[in-house]
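I opened a new notebook page for this chain. My plan was to go from the whole fold down to one residue.

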Amino acid sequence: MRLFTTLVFDQIVRGAAEVASPPEFNELLGKAYEIYYEVEVEESSGTTQSITVKHKMSNSGKGFLNHVTVINAASTAAPPYRGGGAVTGPLGRLGQVGVTLGHADAVSRVRIWATGWSR
């Protein structure tokens, strides 16, 4: 049964440092047994135009562990980019999305929708 479909990430990302989804979505992303992420990049610039998206999880809330790489270094050189992938449980009590661009001078407008299902 579908539990939710929500826009969990909507940011302009700059540089190669990982950017996490806002904390208000952590509990929601921990409620599902399976999550499908839909990733959209509307604008992209910089030397290496690529994106990596990870599902991260935590039980304690004191830190998040990398769980599944949903998209791995996909080219965003010719926007719009559309991609996605599924994460299957069991998952942690809390969830988070981590977004990383391919180079320090990269800039991208990134939106990520998550659809969660119960088992």
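My entries follow, from the overall chain to a single glycine.

**Ground rules.** I am working with a predicted model, where local features need pLDDT of at least 70, side-chain atom pairs count only at pLDDT 80 or more, and totals for chains, interfaces and linings use all residues. Residues are numbered from 1 along each chain as its sequence is written, and side-chain values use heavy atoms, with hydrogens and water left out.

**Whole chain.** Helices (H or I, at least four residues) and strands (E, at least two) are DSSP runs, numbered from the N terminus. Along the sequence the pattern reads β-β-α-β-β-β-β-β-β. I then checked the box around the C-alpha atoms: roughly 40 × 30 × 20 Å along the principal axes. Buried residues (under 20% relative accessible area, 1.4 Å probe, protein chains only) make up 43% of the 119 residues.

I traced an open sheet of four strands in the order 2-7-4-5, with antiparallel pairing. Strands pair if DSSP finds at least two bridges between them. Strand 2 (19–20) and strand 5 (65–75) are the edges, each pairing on one side only. Two bridges join strand 2 to strand 7 (residues 94–101). I found Gly98 in strand 7 as the bridge partner of Ala20.

**Gly83.** Is Gly83 buried or exposed? Its relative accessibility is 19%, so Gly83 counts as buried. Gly83 sits in strand 6 (residues 81–88). Beyond neighbours within four places in sequence, Gly83 contacts (heavy atoms within 4.5 Å) Tyr37, Glu38, Val39 and Ile71.

How values were computed:
Buried means under 20% relative accessible area, exposed over 50%, partly exposed in between (1.4 Å probe, protein chains only).
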